Each structure stands twice: as structure tokens, then as C-alpha cells.
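Grab your viewer and work through these exercises. Each one has a task, then a solution in steps.

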Amino acid sequence: MGSYWSAVNAYRCEDFTGYMIEISNRYPRVAEYLENEFGFEKWSRCHYPGLRYNITTTNTVESLNSMLVNARDFPYVALLDVIQEKMPKWWNDRRIVATAITTPLTPSRESELRPRFAQSNGRHTSQLNPITYHVKGGELEGVVDIFNKTCTCKEFDIDKLPCVHAVAAAHHAQVSVYSLVSPYYTKEYYLLAYGETIYPVGSQSQWDVPNEVVTRIVLPREVKEKKRGRPKTSRFPSVGEFRKRKNRCGKCGAYGHYKKKCNSQTGSTEGNPPTNVPV
């Protein structure tokens with residue numbers, strides 16, 4: 001659904017409304033669910049109440065889950081050992097990358113901002129007051145406030161990175177474009193994020209454990225009766241998350257296998273009770 005992703009990434013509510021009308025015309029039940037049951041603020045960029053920057057997914061959490069997919073079955077102490085072993089390597093690798101950066105911004109933000117310098121050329125910019133500029137040209141004009149770092153196109157407001165209009169206004173005002181960028185995109189903040197060193201815990205014999213912890217009696221957790229069947233290993237889907245349906249057999253109607261691999265001796269193509277079995 002192209003209209004859905006356009007609505008997700010829309011910066012202006014006017015554009016979002018147009019895409020939602022397209023979705024509503026084609027899929028009215030989907031539009032009703034997105035608005036009434038799920039809520040715009042959970043998936044729409046322009047309706048999100050906080051500072052989301054350019055992040056629209058939870059891939060950071062999913063990456064950590066993927067790294068721990070095998071270790072999740074370990075005892076708690078072993079699981080913590082896996083995390084403790086992985087984190088120092090991640091921190092050091094990213095610290096090396098941050099140290100090698102030669103641009104004011106991180107590589108991804110620099111590559112996003114650079115093309116806007118050329119795109120701002122030829123835009124007609126007029127000053128409305130000491131901090132506000134009107135930029136014309138292109139598909140959409142914008143009114144930029146270089147003091148409050150906002151633009152009517154909303155890209156500057158949400159991403160905290162100068163849009164094409166803001167770049168043109170900065171050139172007209174003879175202000176550095178980089179001074180309008182959020183500090184979180186700079187090399188300095190990248191280094192600060194991974195500036196601390198994560199040290200190994202060390203041997204248990206070297207731990208300095210307070211006496212109140214040593215003398216504390218910790219009872220084992222309550223053991224619940226084990227349920228029948230194979231224990232669940234995959235996580236429960238979150239609200240609004242849909243999972244792919246398993247393959248359905250064309251012979252017996254069951255899910256999880258194909259017709260060629262079906263072990264059922266009799267069955268119908270629709271999953272209904274077979275008609276050739278005597279009652």
C-alpha cells in the first residue's frame with residue numbers, strides 16, 4: 001500500500017489527510033482501524049507528540065532481540081554474560097568509527113544534508129523580519145524561522161535537520177547551515193554517546209560485594225506447573241503488529257505444510273471433512 005507508507009512518512013498533516021482519504025476510499029475498514037483502534041500518533045510521523053527525528057520503526061529493539069535470540073534460553077547469569085561480552089565490542093567499534101569522521105555531522109546526516117545545498121540554488125528568498133524568511137521555488141514554498149528552527153514544510157521541525165528552505169534562508173542570512181542542525185547529529189555527540197568504556201565484570205573472586213548483600217537470603221522463585229505441549233519460544237506480537245500466516249495445505253486444510261508434504265491419507269482441498277469416509 002503506497003498510500004499507507006506515504007501517510008506514515010508525511011511531514012504535514014494536510015498531506016497525511018490526503019493519503020488517508022485515498023486509503024479510506026479503497027480500504028474503508030483499514031482506515032477505520034488505523035484511526036479509531038490504533039491511533040494516528042502511534043504510526044504517523046506528523047501526529048507523533050514527541051521528538052521522533054527521522055525514526056519511524058523499532059528496529060533498534062529488534063536488532064537487540066535478534067542478537068539475543070539464542071541466548072534468551074540461557075540462565076539469567078549466562079544471558080547477562082552474553083550481553084556484557086557484546087556491549088564493549090559494540091561501543092569500541094562505534095568509537096573507532098566516530099573518531100575517523102572528518103565532517104561536522106555523522107556520515108548519514110551529512111549525506112542527507114549535502115544535496116540540499118545544490119537544491120537550494122535558484123530559490124527566491126525574501127526576508128520578512130530579522131529571523132523569518134520566505135523561500136519560493138520548487139514544488140513547495142516555505143516560511144523559515146532560523147531562530148526557532150522551524151519551517152512550514154515541517155521537515156525542519158520534525159527531523160531537526162535544515163530542509164531545502166532552511167538552507168536557502170541560511171545562505172540569504174549569511175548564517176552557517178550547520179548552526180541550525182540539532183547537536184545530536186554532530187560528530188561531538190556521536191563521540192560522547194560511546195565515550196565511556198564498558199569494562200569486564202571480572203572473576204567472581206575479585207568482586208567487592210557489600211556484607212548486606214552477602215548475608216541476604218534469596219529464596220528460589222516459585223516453580224509453576226509446566227504446561228502441556230512445546231514451550232513457546234517466539235515473543236508475543238505487540239499491539240498493531242501482524243505476523244505472516246503459515247502455509248495452508250491444499251489437501252487437509254491444516255497450516256504449516258504444503259500439499260506435497262502432507263501425511264494425511266484422506267482429506268478435502270478446502271479443509272472440510274472428507275466425503276469418502278463412511279459414517
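**Exercise 1.** At what angle do helix 2 and helix 3 pack, and how far apart are their axes?

Solution. Some ground rules come before the numbers. This is a predicted model, where local features need pLDDT of at least 70, side-chain atom pairs count only at pLDDT 80 or more, and totals for chains, interfaces and linings use all residues. Residues are numbered from 1 along each chain as its sequence is written, and side-chain values use heavy atoms, with hydrogens and water left out.

Step 1: helices (H or I, at least four residues) and strands (E, at least two) are DSSP runs, numbered from the N terminus. Axes are lines fitted to C-alpha atoms, for helices over the stretch in contact, and angles run from 0 to 180 degrees between N-to-C directions.

Step 2: helix 2 packs against helix 3 (residues 28–38) at about 130°, and the axes are 5 Å apart. That makes the two helices oblique to each other (under 35 degrees is roughly parallel, over 145 roughly antiparallel, 65 to 115 roughly perpendicular, the rest oblique).

Step 3: on the helix 2 side, Met20, Ile23, Ser24 and Arg26 make the contact (heavy atoms within 4.5 Å), and helix 3 supplies Pro28, Val30 and Ala31.

**Exercise 2.** Work out how helix 1 and helix 2 are arranged.

Solution. Step 1: the axes of helix 1 (residues 2–9) and helix 2 (residues 13–26) come within 9 Å and cross at roughly 155°. Helix 1 and helix 2 are therefore roughly antiparallel.

Step 1: their crossing is left-handed (the near helix is turned anticlockwise from the far one by less than a right angle; clockwise would be right-handed).

Step 2: check who meets whom. Ser3, Tyr4, Ser6 and Ala7 of helix 1 meet Phe16, Tyr19, Glu22 and Ile23 of helix 2.

**Exercise 3.** Is His134 buried or exposed?

Solution. Step 1: His134 belongs to strand 2. Its relative accessibility is 15%, so His134 is buried (under 20% relative accessible area; exposed is over 50%, partly exposed in between, with a 1.4 Å probe and protein chains only).

Step 1: the His134 side chain makes a polar contact with that of Glu141 at 3.1 Å (a pair of N or O atoms within 3.5 Å; within protein, one must be able to donate a hydrogen and the other to accept it, and residues adjacent in sequence count only if both atoms are side-chain atoms).

**Exercise 4.** How many residues of helix 8 are buried?

Solution. Step 1: seven of the nine are buried, among them Val164, His165 and Ala168.

Step 1: take Ala168, which has 5% relative accessibility and so is buried. Beyond four places in sequence, Ala168 contacts Ser120, Arg123, Thr125 and Val135.
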